[in-house]
Amino acid sequence: MAQLFATQPAAANALTFNGLFYSSPDTVHISYSGLPSAVNRYVYSGGLSMTDTTPTTPVTFMAWCLDIFDNIASQTYTLVSASSYIPGWNHVPLDATKVLALERLASNNPVTNAAQSSAFQLAAWEIVDEHTALYSLSTGNFQAFGNSIHSPDTITMANLWLSNLGTASPTVALSIWRANIPGSTQDLAVFSRVPEPETYAMMLSGLGLMGFIIRRRNKNAV
């Protein structure tokens, strides 16, 4: 099963790009008018396989491109919160509305195969780069066309997901792996599960127990 939800430490880490997460990549014809001049081209659409080689035991996870055209390379990245991330010059600001939409997209649509992976990347690009309030790959300044392995099925799937983001609180949180050399490679989006309320309760009770033990030890040492 794809590791859509990646839990990563907040530090500058060395990430290695392994290629697309699924072996059957989708090549989609897209049109984007968010740049000074409109761009029409084919792009690979799908989640990326990245390995964090900094820990003693390397961790491989799925990440998503934030930019449509930048290449992806192995280098050092720093994990930052979505609220503190400043996109490149050619992006619409990644404001709270877009962050919430991306988190709902990931919460509602687990990715387990190549077609879903392609659809998720297309939907994510639409949210990040669309200048209007309407998220659709059929209208607006970012559009996709069905000329590929999985398309138009993936485009239909992405549009369905975009039209059903809903209003529920997300169950995942968005973070950004920001390249430490600006402009040298893609910045990457990852999603981590939001702990359930009972998890917080367990953590707090555990901290309380630790405090009680420390106080008892200090008292006995007097």
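Which residue stands opposite Arg 193 in β9? Val 172 holds that place.

## Basis of the model

This is a predicted model, in which local features need pLDDT of at least 70, side-chain atom pairs count only at pLDDT 80 or more, and totals for chains, interfaces and linings use all residues. Residues are numbered from 1 along each chain as its sequence is written, and side-chain values use heavy atoms, with hydrogens and water left out.

## Overall composition

The protein chain contains four helices and nine strands. Helices (H or I, at least four residues) and strands (E, at least two) are DSSP runs, numbered from the N terminus. Along the sequence, their pattern is β-β-β-β-β-β-α-α-β-α-β-β-α.

The protein chain has 222 residues, of which 47% count as buried. Buried means under 20% relative accessible area, exposed over 50%, and partly exposed in between (1.4 Å probe, protein chains only). The accessible surface of the protein chain is about 11,300 Å², and 59% of that belongs to carbon and sulfur atoms; accessible areas come from the Shrake-Rupley method with a 1.4 Å probe, and for residues only the protein chains shown count as cover. Among contacts in the protein chain with a separation of 6 or more, 72% come from residues 24 or more positions apart. Contact means heavy atoms within 4.5 Å.

## The six-stranded barrel

Six strands form a closed barrel in the order β1-β4-β5-β9-β8-β6, with antiparallel pairing. The twist from one strand to the next averages 45°. Two strands pair if DSSP finds at least two bridges between them. Angles run from 0 to 180 degrees between N-to-C directions, and axes are lines fitted to C-alpha atoms, for helices over the stretch in contact.

Strand β9 (residues 188–193) has five of its six residues buried, so it is largely enclosed by the rest of the structure. With strand β8 (residues 172–179), β9 pairs in the antiparallel sense over six bridges. Strand β5 (residues 59–65) also pairs with β9 in the antiparallel sense, over two bridges, and Trp 64 stands opposite Ala 189 in β9. Strand β4 (residues 48–52) is joined to β5 by five bridges, again in the antiparallel sense; here Thr 51 stands opposite Thr 60 in β5. Helix α2 packs on this sheet, where α2 touches β5 and β9 and its direction makes about 50° with that of β5. Helix α1 (residues 96–108) lies across β8 and β9 and runs at about 115° to β8.

## The three-stranded sheet

An open sheet of three strands has the order β3-β2-β7, with antiparallel pairing. Its edge strands are β3 (39–45) and β7 (142–145), each of which pairs on one side only. Direction ignored, neighbouring strands of this sheet are turned by 35° against each other on average.

Strand β2 (residues 26–32) runs antiparallel to β7 and is joined to β7 by four bridges. Ile 30 stands opposite Ala 144 in β7. Helix α2 lies across β2, β3 and β7, and runs at about 135° to β3.

## The nonpolar core and Leu 122

The largest nonpolar core has 57 residues, and Ile 30, Leu 122 and Leu 188 touch the most other members. Helix α2 (residues 114–129) supplies the largest share of this core, nine residues. A nonpolar core is a set of buried Ala, Val, Leu, Ile, Met, Phe, Trp, Tyr and Cys residues joined through side-chain atoms within 4.5 Å.

Leu 122 lies in helix α2 and is buried, with a relative accessible area of 0%. Not counting residues up to four places away in sequence, Leu 122 touches Val 28, Ile 30, Ser 45, Leu 137, Phe 142, Ala 144, Thr 154, Ile 155 and Ala 158. Leu 137 is 15 residues from Leu 122 along the chain, and the two C-alpha atoms are separated by 8.0 Å.

## Asn 159

Helix α3 (residues 153–163) includes Asn 159, which counts as buried at 17% relative accessibility. Leaving aside residues up to four places away in sequence, Asn 159 touches Ser 136, Leu 137 and Ser 138. A polar atom of the Asn 159 side chain lies 2.7 Å from the backbone nitrogen of Leu 137. Leu 137 is therefore a residue in contact with Leu 122 and with Asn 159.

Definitions and conventions
Polar contact = N/O pair within 3.5 Å; in protein donor to acceptor, adjacent residues only side chain to side chain.
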